[in-house]
Amino acid sequence: MMLEKNMKKTVDQSCPKVHGIRLPRATHRKDCKMVCKHISRRNKAVVLLIALLLSTLAGLYYMEESKYRMYVFVTGDDPGDPEWPSKKVWFSAKQWLTGETDYLKVSDHDLINKNGVKMPAADSFIQDLYWTLTHDEYITEQNMPYDLFVREVKPTFIGRYLYSEFDRDTLRPTVHRFLISFRLNGKFYDSELVWETEKHYVATSSIFKPGVYSKLYGDYTYQDYRQGKPLPKL
């Protein structure tokens, strides 16, 4: 009896446990491998499922956050950089595009103020426009002195707000673009006006015949928004 008990004890101790269950000696080698293989497969499936879930959640989060990613142009320091001289710096504009804000994203660089932006006072840019016109040889200082230019051109100004941009230093939407229309010597012209409100900077650039600016650039503008045109797909 004592010998049988000792043998049984030896057999029981020699049989491994799998998840707390001791396998019979006669089958433990084969069954242990099968059970362990099954458990290993199940664990792999669980790990793959968790990884897939995390990957899906990360993808959804990225898609959600990408709606708010925008960029500004900065001057690069490295001439060997593919983006030199103007380099894109990306940032999150979420605080300006969520909740009851006044802005709508129309591209990764531009946005519009839904309430529009009033054109700056003519006195703040008319001299700059004068030098732009003389530089491009539309007029000369001899055939149209500055005082005469102000008297004849200033009353004809019509400004249209186009869109806004973020200031590259403050990352605030304080850079606004306008299209200025005016009459000069009986002809109509357009010029783009840039107003950086925080830096108190106003400047005109390039002179266009009526309608040419829109054909050249074709950006979504405040006028498109007012007319109910759908926003560009980003």
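This is a predicted model: local features need pLDDT of at least 70, side-chain atom pairs count only at pLDDT 80 or more; totals for chains, interfaces and linings use all residues.
Local features were considered at pLDDT of at least 70 and side-chain atom pairs at pLDDT 80 or more, whereas totals for chains, interfaces and linings use all residues. Residues are numbered from 1 along each chain as its sequence is written, and side-chain values use heavy atoms, with hydrogens and water left out.

The axes of helix 4 (residues 126-135) and helix 5 (residues 146-153) come within 11 Å and cross at roughly 110°, and the two helices are therefore roughly perpendicular to each other (65 to 115 degrees). On the helix 4 side, the contact (heavy atoms within 4.5 Å) is made by Ile 126, Gln 127, Leu 129, Tyr 130 and Leu 133, and on the helix 5 side by Tyr 146, Phe 149 and Val 150. By class, this contact of helix 4 with helix 5 has 7 nonpolar residues, 1 polar residue and no charged residues.

The largest pocket holds about 320 Å³ of space, a pocket being an open set of points on a 1 Å grid where a 1.4 Å probe fits, with protein on both sides within 12 Å along at least five of seven lines, and lining residues having an atom within 4 Å of a point. Of the 17 residues that line the largest pocket, Phe 73, His 109, Glu 165, Arg 168 and Arg 177 lie nearest its centre. Strand 3 (69-75) is among the strands that each supply at least two lining residues, and strand 3 gives the most, with 4 residues. The lining divides into 7 nonpolar, 3 polar and 7 charged residues.

Definitions and conventions: Axes are lines fitted to C-alpha atoms, for helices over the stretch in contact, and angles run from 0 to 180 degrees between N-to-C directions. Angles under 35 degrees count as roughly parallel, over 145 as roughly antiparallel, 65 to 115 as roughly perpendicular and the rest as oblique. Ala, Val, Leu, Ile, Met, Phe, Trp, Tyr, Cys and Pro count as nonpolar, Asp, Glu, Lys and Arg as charged, and the others, Gly among them, as polar. Grid points are joined across faces, edges and corners, and a volume is the space filled by probe spheres set on the points.
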